[in-house]
Amino acid sequence: MNIAIVGTGYVGLVSGACFAEMGVDVTCVDIDGAKIERLKQGEIPIYEPGLKEIVRRNAKAGRLHFSTSLAEVLDNVEVVFSAVGTPPGEDGSADIRYVLDVAREFGRNIKDYKLLVTKSTVPVGTAEKVRQAVEEELRKRGVEIPFDIASNPEFLKEGAAIKDFMTPDRVVVGTDNAQARKVMARLYKPFMLSGERILFTDIPSAEMIKYAANSMLATRISFMNDIANLCELVGADVNMVRKGIGSDTRIGKKFLYPGIGYGGSCFPKDVKALIQTASEHGYDMKVLKAVEEVNERQKEVLFDKLSAYFKGDLKGKTIAIWGLSFKPETDDMREAPALVIIEKLLEAGARVKVFDPIAIDECRRRMGDKVEYAPDMYEAAHDADALMMLTEWKQFRLPSFSKLKRVMRGKAIFDGRNIYDKNEMEEQGFDYFKIG
């Protein structure tokens, strides 16, 4: 089976590599010529565990190709996936201009039946706009060529995307046509050998599922952060509360960990987009507005604790930061709590030293020389008056506390992910602060 995937960002590249791994002949298309040349040389533009190896292996095997032109590859493919970006607009709505650009290119160049599948996260109703864009291009050409559209939202976690794609807990496909359903069932069959986990829906439902799923997870995070802040006020231990409610099978344990707020490319964007979609239809998403408000406030909670510890005077203090990405196993700093905290530290006159196993280059791109970049975690903490742990990378989970005491000037640790034990930290001689 031959397919094309337009867009070599996170979703497009992971999808293309994983389809190729299952024997599909895949061409990844992107208008960025320099990016395509780097991919042809085996250079991967994003960090994702295992992705470099799977891309290089399948490119060498001749199953994964790269091109700057959809028109040049259309004759040889059966399915075209649109995996281009849908960045948020000023009002929070998803910008679908690139999705429609793909649809127009598709309509200008197809010669026989093709299936156009939207994999980008798009608002409900986008499929009809895609269909109209294709039909308009066919009318301009004065031809009638059969085509179908489908929605196939992605559910990839950064840091575990390869596993999520190869062994999905569900594959959602929105179609309104039996032929499109048959094509998609055949394409995903290799991923379903251990059990049928493909859910066929109408197209609007498929578009909504993605936003609803991410918004529910964001809601659980903000709810738990709200509970953590209240626990601190009333003297309850949020970790015990989390275990207590997570033991209820109706609730479950996942996404109940308090922290410094969610970030990344999906949750913030998708929550905003769903709020905006509702507004366009005259409905007020009050719960999601509160989720967003709690999350923005939560990004400042750890800084507030640090400021209170130093009685509001951070001028000249050296603050070490462990972890910059919004979560472990990625270099993604989009909407990362670390960005908010660093800016507040700098505004307060602090000297900031940072370390992250992967995201140092991304931080340097974003912040330049406003902070100091350390080659390792202990160098970041050298002469620090306080340490802030912001991303729970594995190497931060069990550091040498005796070494940390030797290199730090102060003794305060602010744990934004609650990975350390308070009693143990105090026994080690640290002033320890966590969330909740």
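Me: Which residue of β13 is the bridge partner of L387?
Reply: In this predicted model, L387 has I413 as its bridge partner in β13.

Me: What makes β12 and β13 a pair of strands?
Reply: Two strands count as paired once at least two bridges are found between them. β12 and β13 have four bridges, in the parallel sense, so by the cut-off of at least two they pair.

Me: How many strands form the open sheet, and in what order do they come?
Reply: Six strands form the sheet, in the order β11-β10-β9-β12-β13-β14, with parallel pairing.

Me: Why are β11 and β14 called edge strands?
Reply: β11 (372-373) and β14 (431-433) each pair on one side only.

Me: What joins β13 to β14?
Reply: Strand β13 (residues 412-415) and β14 run parallel and are joined by three bridges. Three bridges meet the requirement of at least two, so the strands pair. Within this pairing, Y432 of β14 is the bridge partner of I413.

Me: Which strands does helix α13 lie across?
Reply: Helix α13 (residues 301-309) lies across β9 (318-322), β12 (386-389), β13 and β14, and it runs at about 165° to β13. Helix α14 (residues 337-347) also packs on the sheet, where it touches β9, β10 (351-355) and β12. The direction of α14 makes about 155° with that of β10.

Me: Which residues of α13 are buried, and what do they pack against?
Reply: V301, L302, F303, K305, L306 and S307 are the buried residues of α13. They pack against α9, α12 (286-298), β9, α14, β12 and β13. After α13 comes K311, with a positive phi near 55°.

Me: Which residues of α14 are buried, and what covers them?
Reply: P337, A338, L339, I341, I342 and L345 are buried in α14. Their cover includes α13, β9, β10, α15 (360-367) and β12. Just after α14, G349 has a positive phi of about 90°.

Me: What makes strand β2 mostly covered?
Reply: Four of the five residues of β2 (residues 25-29) are buried. Strand β1 (residues 2-6) pairs with β2 in the parallel sense over five bridges, and I5 stands opposite C28 of β2.

Me: Why is the contact between R97 and D95 called a salt bridge?
Reply: The cut-off is 4 Å between a side-chain nitrogen of Lys or Arg and a carboxyl oxygen of Asp or Glu. For R97 and D95 the N to O value is 2.7 Å, so the pair qualifies as within 4 Å.

Me: Are R97 and D95 buried or partly exposed?
Reply: D95 has a relative accessible area of 18%, and buried means under 20%, so D95 is buried. R97 has 49% relative accessibility and counts as partly exposed, because exposed means over 50%.

Me: How do you know that K40 and E37 form a salt bridge?
Reply: Their closest N and O atoms are 3.8 Å apart, so the pair falls within the 4 Å limit. K40 and E37 both lie in helix α2 (residues 33-40), three residues apart, about one turn of the helix. K40, at 47%, is partly exposed, and E37, at 42%, is partly exposed too.

Me: What does the salt bridge between E292 and K272 tie together?
Reply: The two side chains meet at 3.1 Å, N to O. E292 lies in helix α12 and K272 in helix α11 (residues 267-280), so the pair ties together parts that are 20 residues apart in sequence. K272 is partly exposed, at 27%.

Me: Which residues make the nonpolar surface patch of about 340 Å²?
Reply: L230, L233 and V234 make the patch. L230 is in helix α9 (residues 203-234). A patch residue needs over 30% relative accessible area; L230 has 47%, so L230 passes that cut-off and is partly exposed.

Key
Residues are numbered from 1 along each chain as its sequence is written. This is a predicted model: local features need pLDDT of at least 70, side-chain atom pairs count only at pLDDT 80 or more; totals for chains, interfaces and linings use all residues. Side-chain values use heavy atoms; hydrogens and water are left out. Patches are made of residues with over 30% relative accessible area and no salt bridge: like charges are joined within 9 Å, nonpolar side chains (Val, Leu, Ile, Met, Phe, Trp, Tyr) within 5 Å. Accessible areas come from the Shrake-Rupley method with a 1.4 Å probe; for residues, only the protein chains shown count as cover. Buried means under 20% relative accessible area, exposed over 50%, partly exposed in between (1.4 Å probe, protein chains only). Contact means heavy atoms within 4.5 Å. Axes are lines fitted to C-alpha atoms, for helices over the stretch in contact, and angles run from 0 to 180 degrees between N-to-C directions.
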